[in-house]
Amino acid sequence: MRLSPAASQRAAVAVMWTMTAATIGVLAFVILYVLARGLPHVTWEFLSRAPESMGRRGGIFPMIVGTLAVSGMGVLISAPIGVATAIYLTEYTRKGMLTTIIRFGADCLAGIPSIIFGLFGFVFFAVGLGMGLSILSGGLTLALMVLPTIIRTSEEAIRAVPQSFREVSFGLGCTRWQTVLFVVLRSALPGIGTGIVLSLGRSISETAAVMLTAGSAMGLPQSLFDSSRTLALHFYILAREGLPMSKAYATAAVLIVAMLGLNLLAYGLMKRFHAKAR
Amino acid sequence: MRQDRIIRFILMLVAFSAIAGLALIAFFIFKEGVPLIFQVGWRDFFLSSEWHPSEGLFGVFAMIMGTLMVTAGAMLIGGVFGLSLAIVMTQFSGPRLAGALKPVIELLAGIPSVVYGFIGVKTIVPLIRDHLGGPGLSVLACSIVLGVMVLPTVASISIDAFRAVPRSFWEGSLALGATRWQTTCMVMLKAARSGLVAAVILGMGRAVGETMAVIMVAGNSLAIPDSILAPVRTLTSNIALEMGYASGLHRKALFAAGVTLFVIIMILNTAAITLSSNRARAKGGAK
Amino acid sequence: MTEQPAKPMMETRGLTVRFGNAVALKNISLEVRRNERLAIIGPARSGKTTFLRCLNRLNDFDHDYSRSGDILLDGTDIHGPEMDVVALRRRIGMVYAVPVPLPWSIRENITYAMRMAGIRNRRVHAEKVESSLKLAGLWDEVKDRLDSHAQDLSGGQQQRLCLARVLALEPEVLILDEPCSGLDPISTARIEDVLEELKARQSIVLVTNNTMQASRASDRTAFFLMGELVEVGETKQLFTAPREERTNDYLTGRFG
């Protein structure tokens, strides 16, 4: 039996919509599952106190600090490098051998698994350069890891700035650098910000790479040379050790809320970007 | 313009940091890992399943097989669902609906892998154990969790590939009286082919490289799994599990596993990049 | 003494321009006199815009661009070693076909070039904003909302803002590339009035597709065709008694 074109379209669309609905269902399930089990245990004490007896009791304050330190450092190092790379690729050079090599490097870097970044960060930063398992090692490793994302999003944002803006600026007797700094970057800033926020989200979620570079010390870090356990790693350890599930769920809920918040922020920035570039 | 040249030069140096980073990573992973492969002998490293670090046996064959199996499973699930999502978003929904579906992809990509792994342990693993048998921690559980994790990668790159197809192709087909579904199958899938293949390849890269979620749901036993319900250990999870206490030759062997992983990933990456740049060139040439 | 012909404000000598292998301008020798309004007319793709962009070296950014022949500003070669291209662009103000206000406030649009030139004095800024907006005939319409977004202005207002932005630099030459092509007749008339007044202060080169505009708003007119300068003369003479057949054909609408 052959289905008529219209009938086969109906069938195909039904199947694909079902799969799409299932995907949305999975997302909703994951988020609600974690929030429902975790949020009730997220109290002020939990957020503001140090863990006791390996995380069975107490809170996650040192891990919050550690996560912010490691991720923040990664993004702070990566953002200027990534934006400068994007400026070079878009404003200071033409398509050619050089840009092909740079893009290939960035694209490949984007595909390298986090465990490889972890191995590298361990031998290079922690052992080779003597930084030890520390916020510094972790931050530098993450910086390398999120660099391709920042390059790509910045490049897109910069390319979206109308060419005519540059012409006007040149026509008014401004140098290329002034034009880049005061016209192009100013217009591209929300778009670049979106990339940076998303990179921050990725660094916060990262586990394998920070495990091998920032270590898992539970104390409140005193300097960049201290080891510090991040939230994601803390959650992994709690979940694996089967320590009280309430603490694990609460930690996961904090992670999910942070992820949702950062995505919302990125969305807001993107909207502003499009409004500006109308 | 002297100032202009100086700035250009500085920016160029900075722009090389991505490729320099890649080169550094390759150099250090290879430097740590490759000597061991020669020391053990490449046959005993790649083609043996005997991984007993205390006895100096470092065979990763079972882990390579394990990685391939969970990757295949993940691509089956993530590929089909991701492609469906991309088709629904680009072919069968208006801009508003497509705009509403986009955050779904972004949020799926944003959830930490440890959370995926944990939910897999709490929901999928017991389901498999109770209804299908086996320990639950298995190739199947791992494939499902990884499938969800690679879905956003496959979907977002497929969407880009579909969007890159000239609108005239689509309109031309519809104008000839084809239904949207026929147009999708006969015109769009064909025109976006290389981009879709790149999407699947990059998804594979994600699956091969994923670590933490895999550790949690795979069971991590060292044998080659004999069914999809058997536990499995992948290259990545092996590194993450043992790196904490490994030293000496054992640590070097983990780096050698990293070398294996790195090579697989670079092959996949290069294939995907070549495919998408071919597409860009074809588009430029057709102009 | 009064009949002594002054040195031209700007002058091209045998200017030939190529983009890759395509010749865009062929051996153009044309002068822009002091305090005159020179109109350049001709059909699309005849090289008018390319010519303008040579005058402030905006073509330098095009990688296919190559040039032979000289361009002099007040007797100095603009490609000479002592010429600072950034300073050159401040001396030659350009207005584009489509008004491109930068996505900032009206005030910022005008002060931008001054700030980039190192003028930071706020009082100077305020004075310049007022004087240049007055020159461009926009002051009365926007004086109460200088900090509102420039893109909220109408098309005609935006174009006058772009003119004011250029005038704030007190350029010696004003070059305009079809500045009224997207505007309604009333906005066009306002800009033509402004040009009439500005003539006393600077030389003006006006590229236009609209021959009527050239006849209304210029002292001399040059006719370009396929990269060649066919004829240049007093506007009245060129429109009533062109010397060249091709000019006559164009003006009577046989092509273009």
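## Polar contacts between chains C and A

A polar contact is a pair of N or O atoms within 3.5 Å; within protein, one must be able to donate a hydrogen and the other to accept it. In this predicted model, seven residue pairs are in polar contact between chain C and chain A, with both residues at pLDDT 80 or more.

Two salt bridges are counted between chain C and chain A. In a salt bridge, the side chain of R53(C) meets that of E167(A), at 2.7 Å from N to O.

## The interface

Helix 3 of chain C has the largest share, with four residues. By class, this side of chain C has 15 nonpolar, four polar and six charged residues.

The contact takes 25 residues from chain C and 21 residues from chain A. About 2,100 Å² is buried between chain C and chain A. Carbon and sulfur atoms give 61% of that area.

## The sheet of chain C

Chain C holds an open sheet of four strands in the order 2-1-4-5, with antiparallel pairing. Strand 2 (22-32) and strand 5 (76-77) are the edges; each has a single partner strand, so one side of each lacks a neighbour in the sheet.

Strand 4 (residues 65-73) of chain C pairs with strand 5 of chain C over two bridges, in the antiparallel sense. L72(C) stands opposite D77(C) of strand 5. Helix 1 (residues 48-55) of chain C packs on the sheet and touches strand 1 (10-19), strand 2 and strand 4. The direction of helix 1 makes about 120° with that of strand 1 of chain C.

How values were computed:
Residues numbered from 1 in each chain as written. Chains lettered and ligands numbered in written order. Predicted model: local features only at pLDDT ≥ 70, side-chain atom pairs only at ≥ 80, totals over all residues. Heavy atoms only, no water. Pairing = 2+ DSSP bridges. Contact = heavy atoms within 4.5 Å. Axes fitted to C-alpha atoms, helices over the stretch in contact; angles between N-to-C directions. Buried area = accessible area lost by both parts, 1.4 Å probe. Salt bridge = Lys/Arg side-chain N within 4 Å of Asp/Glu carboxyl O. Polar contact = N/O pair within 3.5 Å; in protein donor to acceptor, adjacent residues only side chain to side chain. Nonpolar A, V, L, I, M, F, W, Y, C, P; charged D, E, K, R; others polar.
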